[in-house]
Amino acid sequence: EGAIVREHHAAIIAYHGAHHGNRIARKHIGWTITRLEQRGILSSETAVAWRITLLRDDDNAVVARGLAEIYDSAQMRNAA
C-alpha cells in the first residue's frame, strides 16, 4: 500500500507540476492519513502530527520521505 501511495504522489507531481501537483496531492495525502487512523495504524496524535507536517510542506521531496516514513513505521509496528 505504501508503494502505491508514493507512486500516486509522484504521478500527481509529474502530471500537474511541482507547485500545483503538491496542492492537489495534499487532499489525497489527507485522505490516506485519515484512512490509516481509522484502521488503527496511526494513533490520533500521530495522524495530527503527520497532517501538520505533510499538508503544509511545499517541498515534494520532504512529503515523499514523510509518506515513506509513515508506511515504514507502520510496517515495523505490524511486524512486532
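Okay, the core. Of the 17 residues in the largest nonpolar core, the ones that touch the most other members are Ile29, Ile33, Leu36, Leu42, Leu54, Leu67 and Ile70. By nonpolar core I mean buried Ala, Val, Leu, Ile, Met, Phe, Trp, Tyr and Cys residues joined through side-chain atoms within 4.5 Å. Buried, in turn, is under 20% relative accessible area, exposed is over 50%, and partly exposed is in between, using a 1.4 Å probe and protein chains only. Where does this core come from? Helix 1 (2-16), helix 2 (18-38), helix 3 (44-54) and helix 4 (60-79) each supply at least two of its residues. Helices here are DSSP runs of H or I with at least four residues, strands are runs of E with at least two, and both are numbered from the N terminus.

Quick housekeeping. This is a predicted model, where local features need pLDDT of at least 70 and side-chain atom pairs count only at pLDDT 80 or more, while totals for chains, interfaces and linings use all residues. Residues are numbered from 1 along each chain as its sequence is written, and side-chain values use heavy atoms, with hydrogens and water left out.

So, the overall picture. The protein chain has four helices and zero strands, running α-α-α-α from the N terminus on. Its radius of gyration is 12 Å, close to the 12 Å that the globule rule gives for 80 residues, so the chain is as compact as a globular protein of that length. That radius is taken over C-alpha atoms, and the rule is 2.2 Å times the number of residues to the power 0.38. The C-alpha atoms fill a box of roughly 40 × 20 × 20 Å along the principal axes. Buried residues make up 35% of the 80. Of the contacts with a separation of 6 or more, 57% are between residues 24 or more positions apart, a contact being heavy atoms within 4.5 Å.

Now helix 3. Which residues are buried there? Ala47, Trp50 and Leu54 are. Seen down the helix axis, the buried residues of helix 3 fall within an arc of 65°, so they line one face; the arc is that of the directions from the axis to the C-beta atoms. Thr53, also in helix 3, is partly exposed, at 39% relative accessible area. A polar atom of the Thr53 side chain lies 2.9 Å from the backbone oxygen of Ala49. Thr53 and Val63 are ten residues apart in sequence, and 8.2 Å apart C-alpha to C-alpha.

Leu36 is buried, with a relative accessible area of 2%. Leaving out residues up to four places away in sequence, Leu36 touches Glu1, Ile41, Leu42, Ile70 and Tyr71. Leu36 and Asp58 are 22 residues apart in sequence and 22 Å apart in space, C-alpha to C-alpha.

Last stop, two asparagines. Asn22 lies in helix 2 and Asn60 in helix 4. Are they buried or exposed? Asn22 is buried at 4% relative accessible area, and Asn60 is buried at 14%. What does each one touch, skipping neighbours within four places in sequence? For Asn22, the list is Ile13, Gly17, Asp57, Asp58, Asn60 and Val63. For Asn60, we get His9, Ile13, Ala18 and Asn22.

Note on methods: A polar contact is a pair of N or O atoms within 3.5 Å; within protein, one must be able to donate a hydrogen and the other to accept it, and residues adjacent in sequence count only if both atoms are side-chain atoms.
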